[in-house]
Amino acid sequence: MGSPRLVGLINAVLLPSPTALFWAASDLLRSGTLFRHVSASIERVLVGFALASAVGLTLGVVLGWFRTLSDFVKPLVEALRPIPPIAWTPLAILWFGVGNAPSYFLVFIGAVFPVFVSTYSAVRNIERTQINAALCLGATPTMLIWDVLIPGALPMIFPGLRIALGVGWMCVVAAELIAAQSGLGYMIQQSRLLLQTQFVLTGMIVIGIIGFVMNAVMTAIERRLVPWQESSKGT
Amino acid sequence: MTQLRVDHVSKDFALRGRADVLRVLEDVSLDICEGELIVLLGPSGCGKSTLLNIIAGFLQPTMGQVLHEDIPVSKPDRRRTVVFQDYALFPWMTLEKNVEFGLKAQGIAPAERTRIARSFLALVKLRGFEDHYPYEVSGGMKQRAAIARALAPDPDILLMDEPFGALDAQTRVLLQEELVRIVAATNRTVVFVTHSIDEAVFLADRIVVMSSHPGKIRSIHKVALPRPRTAETRSLPNFINLTQELWDSLKPQWHDEGANAVRSQHST
């Protein structure tokens, strides 16, 4: 007890040094392990996010437009929304077993609400005169949705999509800690069991970097798709 | 011949949290002929914008009906397009795409749409700005684009709801002259809402003066001024006399309305 060597040893396990992390990362890269786990996680988050976007956008546009319908459905949505995605994990495993499906589902649960809420309020907030303008110009229902409601709502929908992707990314890692045989979450969990903290930390850092890149990509897409937004504020 | 008939139209609005209703229009009847430029003039609260919205089909009258070529108006359609005070251009579309909107709705092929849109943008003197977004151009240019957009689907009637109200005085005068030229070039029926007496006299074939609480037609004035109307029109004796006459008849109302505004401020 109290020997400096022993203290040094314990610290190295609990919190590995930067050099240890560097070697751990290069090991993981060289063996292809990191790539395998990263692509598994990214695939899951993209599938879940795509499902969440499809459902969230549709539901948001429909409920934003049909007010009477929204009076019935919105309370149900609002009651489901506060349940943390993690709390769905046991059910997800029971329903979908162990594989990709529970991860898809948990990402979906995490991502669908931000998409829905932003789309819903965006559609509600579209200027009445713009809708009237479209109607008097003879807009068909298809044009009203695709050329007016959706682009009109996009500036408000995009922040929702960005948040949703971030939440989805957190959810996939959480899901993999428990309910998967691959992915960054799984890698972290396995490394913990083997007390390989250098891999745990490497995994965490990679999660952070990928989350950052995803956000940057979404922001770039947003600039491309909403070019009128930046300078049109207030007009 | 009569193109649009407003037939004993009344409109009530429900008041939030109260059993009674607010009567905004009471028994308004008006016949509008093809090619005529009608101005609805009156203080705010006289229901002139409500009447325009009913003609457009955005609102349904509580009583009476609007007939467009003898067929009751039940919803908006492209034979009656609207120019709004706040332009209501689609900010996510270039000016050209905005003008193309009504043409696309009719299923016209893209190349033809572009051709028509460009010719209307040229008509409102926006050649060279086809690929600009609305936020990149001035208020006056936005409103020109909105006029082009409303004309492109070839409507019978152009409905204009205080279209120049948000513009500065100089731009306003210029656009009034432009509008007169454009209307002459396209030979369209126009219903134009304003609270500016000058604007009404300069533009109108007939001025429908409305009074408020509830909105009613108070008098109708034929404007005996020659066309084409130009900057010189404003110095003709007829212009000055009619402007003065309208001022005198509307002044007491504006007075009342000022008093009402003060009263309603106190009551809230």
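Me: Which residues does B:G57 touch, leaving out those up to four places away in sequence?
Reply: B:G57 touches B:V73, B:S74, B:K75 and B:P76. Keep in mind that this is a predicted model.

Me: How far apart are the C-alpha atoms of B:G57 and B:S74?
Reply: They are separated by 5.8 Å. Along the chain, the two residues are 17 residues apart.

Me: Where does B:G57 sit in chain B?
Reply: In a loop. That loop runs between α1 (48-56) and β4 (63-68) of chain B.

Me: Is B:G57 buried or exposed?
Reply: Buried. Its relative accessible area is 6%, and the cut-off for buried is under 20%.

Me: How many bridges pair β1 and β2 of chain B?
Reply: The pairing of β1(B), residues 2-14, with β2(B) runs over 9 bridges, in the antiparallel sense. As one example, B:A14 has B:V21 as its bridge partner in β2(B).

Me: Switching to β9 of chain B. How many of its residues are buried?
Reply: 6 of the 6. Strand β9(B) covers residues 206-211, and with that burial it is largely enclosed by the rest of the structure.

Me: Which residues are on each side of β9(B)?
Reply: One side has B:R206, B:V208 and B:M210. The other has B:I207, B:V209 and B:S211. All of these are buried, so both faces are covered.

Me: Why do the residues alternate like that?
Reply: In a regular strand, side chains alternate between the two faces of the sheet.

Me: What does β3 of chain B do with β9(B), parallel or antiparallel?
Reply: Parallel. Strand β3(B), residues 37-41, is joined to β9(B) by 4 bridges. B:V39 has B:I207 as its bridge partner.

Me: And β10 of chain B, parallel or antiparallel to β9(B)?
Reply: Antiparallel. There are 6 bridges between β9(B) and β10(B), residues 216-222. B:S211 stands opposite B:K216 in β10(B).

Me: What about the turn between β9(B) and β10(B): how many residues are between the strands?
Reply: The hairpin has 4 residues between the strands. B:H213 in that hairpin takes a positive phi near 55 degrees.

Me: New topic, B:Q176. Which element holds B:Q176?
Reply: Helix α5 of chain B, residues 169-186. B:Q176 counts as buried, at 3% relative accessibility.

Me: What does B:Q176 touch beyond residues up to four places away in sequence?
Reply: B:F164, B:E199, B:F202, B:L203 and B:R234.

Me: Let's zoom out. How many helices and strands does chain B have?
Reply: Chain B has 7 helices and 10 strands. Buried residues make up 51% of its 268 residues.

Me: What radius of gyration does chain B have?
Reply: 19 Å. A compact globule with 268 residues would have a value near 18 Å, which agrees. The C-alpha trace of chain B spans about 55 × 45 × 40 Å along its principal axes.

Me: Now chain A. How many helices and strands?
Reply: 11 helices and 0 strands. Its radius of gyration is 22 Å, well over the 18 Å that the globule rule gives for 235 residues, so chain A is more spread out than a compact globule.

Me: What box do the C-alpha atoms of chain A fill?
Reply: Roughly 80 × 40 × 35 Å, taken along the principal axes. Of the 235 residues of chain A, 43% count as buried.

Me: Last one, charges. How many positive and negative side chains does chain A have?
Reply: Chain A has 14 positive and 9 negative, and the centres of the two sets lie 6 Å apart. Chain B has 32 positive and 33 negative, with the centres 3 Å apart.

Methods:
Residues numbered from 1 in each chain as written. Chains lettered and ligands numbered in written order. Predicted model: local features only at pLDDT ≥ 70, side-chain atom pairs only at ≥ 80, totals over all residues. Heavy atoms only, no water. Helix = DSSP H or I, 4+ residues; strand = E, 2+ residues; numbered from the N terminus. Rg over C-alpha atoms; globule rule 2.2 N^0.38 Å. Buried < 20%, exposed > 50% of the residue type's maximum accessible area, 1.4 Å probe, protein only. Lys, Arg positive; Asp, Glu negative; His and termini not counted. Charge placed at Lys NZ, Arg CZ, Asp CG, Glu CD. Pairing = 2+ DSSP bridges. Contact = heavy atoms within 4.5 Å.
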